[in-house]
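Student: Hey, I've got a structure to look at and I'm new to it. Can you walk me through some residues?
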Amino acid sequence: MRLIDYFPASSISIKPAAKNWQEAIDFSMASLLSHHYITANYIQAIKDSTVNNGPYYILAPGVAMPHARPEYGALKTGMSLTLLKQEVHFVEVDEPVKLLIGLSAANADSHIGAIQALSELLCEEENLAALLAANSEKQLADIIASA
């Protein structure tokens, strides 16, 4: 399965800004919720875990992958991508985030291929720079599709 295949329709978006990290989580998980990949409980579990454990899902400078354990409401394995034009700060972390990659893993193994492909994409600095500088959802989708 290609990386782009993990993204349901309309799951790649650009937003001008988020009021706070909670709204950034909502933005990043909205398409997965509307396509029934996750439940509302899953989103709340991410927020609760962030409050209790900090933003453990910040992967790289400017990049976060919000997710929770499957039993909190992951129904299908999928991903979303939200680019914020204005970065958002998470609790207790000075690292601002612009790119959120929402993850729903229906079980412990179903997302391994997606994570590997995503890691390969993000470890190339030019790919990460292109994602952070993208001006359209199509540009973002094209970068992901090339992975």
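Student: Is K47 buried or exposed?
Tutor: K47 is buried, with a relative accessible area of 14%. Buried means under 20% relative accessible area, exposed means over 50%, and partly exposed is in between, using a 1.4 Å probe and protein chains only. Before we go on: this is a predicted model, where local features need pLDDT of at least 70 and side-chain atom pairs count only at pLDDT 80 or more, while totals for chains, interfaces and linings use all residues. Residues are numbered from 1 along each chain as its sequence is written, and side-chain values use heavy atoms, with hydrogens and water left out.

Student: Okay, which side chain meets K47 in a salt bridge?
Tutor: That's D26, at 2.7 Å, N to O. The pair links distant parts of the chain, with K47 in helix α2 and D26 in helix α1 (residues 21–34), 21 residues apart. A salt bridge here is a side-chain nitrogen of Lys or Arg within 4 Å of a carboxyl oxygen of Asp or Glu. Helices (H or I, at least four residues) and strands (E, at least two) are DSSP runs, numbered from the N terminus.

Student: And why does D26 count as partly exposed?
Tutor: Because its relative accessibility is 34%.

Student: How many salt bridges are there in the whole structure?
Tutor: A search finds five. One of them joins D142 and K138, whose closest N and O atoms are 2.7 Å apart. Both of those residues lie in helix α5 (residues 137–145), four residues apart, about one turn of the helix. D142 is partly exposed at 40%, whereas K138 is exposed at 56%.

Student: What about D5, which residue does it bridge to?
Tutor: D5 pairs with R2, at 3.8 Å, N to O. D5 is partly exposed, at 40% relative accessibility, and R2 is partly exposed too, at 46%.

Student: Switching topic: where does I46 sit?
Tutor: I46 is in helix α2 (residues 40–53). It counts as buried because its relative accessibility is 0%.

Student: So what is I46 in contact with, leaving aside neighbours within four places in sequence?
Tutor: I46 is in contact with I25, M29, Y57, P66, H67 and A68. Contact means heavy atoms within 4.5 Å. As for M79, 33 residues from I46 along the chain, the C-alpha atoms of the two are separated by 15 Å.

Student: Now the serines. Where is S31, and what does it touch?
Tutor: S31 lies in helix α1 and is buried at 11%. Beyond its neighbours within four places in sequence, S31 contacts S10, S11 and S80.

Student: And which strand holds S13?
Tutor: Strand β1, residues 12–15. S13 is buried, with a relative accessible area of 16%. Apart from neighbours within four places in sequence, S13 is in contact with L81, T82, L83, E137 and L140.

Student: Last one: where is E126, and is it buried or exposed?
Tutor: E126 is in helix α4 (residues 125–133), and it counts as exposed because its relative accessible area is 52%.
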